[in-house]
Amino acid sequence: MQTRKKYIFLTFLASWLLLFFFGGDQLRRFAFLSVRKAEARRNWPRWTDRSLLKSFAEPEELQRDGDPSVLSPRERRAAWLSVHRSGRCRMETCFDFSRCERHGFKVFTYPQERGQPVSETYSKILSSIERSRYHTPNPEEACLFILSIDTLDRDHLSGQYVRDVDEKIRGFALWNGGRNHLIFNLYSGTWPSYTGELGFDIGQAMLARASSDTQSFRPGFDVSIPLFSKEHPQRGGNTGWLHQDSVPPKKKYLLVFKGKRYLTGIGSGTRNALHHIHNGQDIISLTTCKHGKDWEKHKDTRCDKDNVDYERFDYQELLHNSTFCIVPRGRRLGSFRFLEALQAACIPVLLSDGWELPFAEVIDWGRAAVVGSERLLLQIPSAVRCIHPERVLAFQQQTQFLWDAYFSSVDKIVHTTLEIIKDRLAPHRSRSRFLWNSLPGGLLVLPDFSTHLGDFPFYYLQHGYSPSQKFTAFIRVVSQAGSLSQPILRLIQAVSGSQYCAQIVVLWSCEKPPPPSGKWPQSSVPLTIVQGSRKLSQRFFPFEAIQTDAVLSLDEDTSLSTSEVDFAFLVWRSFPERIVGFPTLSHFWDPEQGRWGYTSKWTNELSIVLTAAAFYHRYYHSLFTEYLPAGLRELVDGLAACEDILMNVLVAAVTKLPPIKVTQRKQHKEGVAQQMEVEGTAGSRRFSQRQDCLNQLADWFGYMPLVSSRLRLDPVLFKDQVSVLRKKYPSLEK
């Protein structure tokens, strides 16, 4: 029995020894392949996976361990904690939601202290907030607070560095440890390490920071913003460079870069390696060492040749003529060329490991940029060559949308920052990523109006929705007679006769009370009276009585037939995002006066449809009242006949499209023309106020949003020499 146990034990031991000596290598291979497969699933992108493609960069160009400017992990952590003492801050732990419940999302900017220096850029940021709909001069109403101390440049070697910030903010009664405060910052840290240090304790404040790094960024609490120059426009901004009729199938250059090359220090590794991808044909990579005070002391053997080649190419020309633009990190993670590439429709190829991209919380950068790895620099040319031309055009189109929607001005950058924070306060009413990444953009879609795409006029074609098949006639009455005139009685009769009319809402803006219900004409549709004020802007208030998507805006003296109303409504259903109507104006630039003007003469061009007889989507009532700041509505109330111009400017700014004019009866045309003539002689003051209104609106928007058109839509067989029985709207030809 003992001998049997001994043989069993020896056999078991021998089996383990054989497995160890002959099978161990196979086990190690299996473990290695398992790890490799796990890494292969984390593709960047699939055709340039870092675990499958080796880097061909020279080791000294990628090695940073010997660089004295690079901090150890412990030092980086200490630098981060010096800024974020409350490192675990989230909206739930470091933000007081109760301050936003009574008055909504209001922002208070601290008053400027005498003698306190403020940079031009920070002045633009403060101005953007103070002229917005979010601003309140009362700190008791505020949900969010903005310091008057300039915190944009926290490089203590900079001339704009503000000292003793800690001491100053501790003296603010509203500081409260930074709770409900937002701090803007563009530059942090200094030579040689360029850490995220700000030089003061932000407490529980949120950071809106450029060049944010993913390790120190607090998702859902901080906001990553782009780095922009002091020349960046306050509002409006230049348009993108991609135009509908100027998209070449293939640009001269595939991939370009022109910029500084750092010889030492942080950020030098990637820029020093860029010369490896230059082929002088379709890939241009130009660097210069000639910057800084002592560049000649550190210059290498390539510097002289690089400096000569650098001067041979114009930077703007390269942007115009290239499909992709390399955006490497500089001393900090972000750079100005990111926005420059976006505007130029030059698809950014980002080489800045660890950069939290601007507004990445809401923007899908995978649709507008190629996010690369600094250690896979040499794989970039082959990677971008693999992108299909149709995909390239989609990338370019998205760069133009993002530039125009969120980055073309300081106003848009600041407002996007505030709207992201506002969405966090009520996640159930926040905008989806689809809304942020689709026309017209998140800033122009109000979640308080609706969260359903079918309730907005912009998404019908994309999602197969259709606007409602009925409209609401909205008639504004301002007559002081206190009784119903014949024109309004005829107008109610004509509108109610339309098969598409769901209801009639009368905005009674007279001092005298409206007539009793028995005095109003009988109609086949409900008629609702809304008591209003004399304010012109109230015409576009989002009244609850308006239940349909379409609104037919009318003046009490408008003359329309039922056929005109029916035809105009059918046209509007094909263009629900635009204003569709009858009487029109056109704007023009007067070079002699150096200002905008308008004319009511019958010309081939039009850019304004008067809301005395026009269809539009009811969402524009909400946008007019809630999106536009109170100052613009006060402007409208102070100038005669300015409200319809503002509505046209607003819709054009949102859609980038002109209004649509539809057929009018000849008698109506003559009546309007005579009325315009009277205004031109006896109403010169009214005409002058309209001109002032147009120019003040252009100044507020920073550009002229109105778009001119030569399009007019008529019924089929309109004025054709055919039988009247074949025509659907024969009365329009009278």
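Predicted model: local features only at pLDDT ≥ 70, side-chain atom pairs only at ≥ 80, totals over all residues.

Student: What makes cysteine 89 and cysteine 94 a disulfide?

Tutor: Their sulfur atoms lie 2.0 Å apart, and the cut-off is within 2.5 Å, so the pair counts as a disulfide. By this rule the count comes to 5 disulfides.

Student: Which hand does the link of cysteine 89 and cysteine 94 have, and are the two cysteines buried or exposed?

Tutor: The link is left-handed, with -85 degrees about the S-S bond. Both cysteine 89 and cysteine 94 are buried.

Student: Why is the disulfide of cysteine 100 and cysteine 143 called right-handed?

Tutor: Because the torsion about its S-S bond is about 65 degrees. Cysteine 100 sits in the loop between α4 and β1, and cysteine 143 in the loop between α5 and β2, so the pair ties together parts 43 residues apart in sequence.

Student: How do you know that cysteine 100 is buried?

Tutor: Buried means under 20% relative accessible area. Cysteine 100 has 10%, so it is buried, and cysteine 143, at 0%, also counts as buried.

Student: What makes cysteine 642 and cysteine 693 a bonded pair, and where do they lie?

Tutor: The S to S distance is 1.8 Å, which is within the 2.5 Å limit, so they form a disulfide. The pair links distant parts of the chain: cysteine 642 is in the loop between α20 and α21, and cysteine 693 is in helix α23, 51 residues apart.

Student: How do you know that helix α21 is largely enclosed by the rest of the structure?

Tutor: Because 13 of the 13 residues of α21 are buried. The helix reaches 18 Å from its first C-alpha to its last, close to the 18 Å expected at 1.5 Å a residue. Just after α21, lysine 656 takes a positive phi of about 60 degrees.

Student: What makes strand β9 largely enclosed too?

Tutor: 6 of the 6 residues of β9 are buried, so the rest of the structure largely encloses this strand. Ile283, Ser285 and Thr287 point one way, while Ile284, Leu286 and Thr288 point the other.

Student: Why do β8 and β9 count as paired?

Tutor: Pairing needs at least two bridges, and 6 bridges join these parallel strands, so they qualify. Leucine 286 in β9 is the bridge partner of lysine 258. With helix α7, the two strands make a right-handed β-α-β unit.

Conventions. Residues numbered from 1 in each chain as written. Heavy atoms only, no water. Buried < 20%, exposed > 50% of the residue type's maximum accessible area, 1.4 Å probe, protein only. Helix = DSSP H or I, 4+ residues; strand = E, 2+ residues; numbered from the N terminus. Right-handed = clockwise from strand over helix to strand, strands pointing away. Expected span 1.5 Å × (residues − 1).
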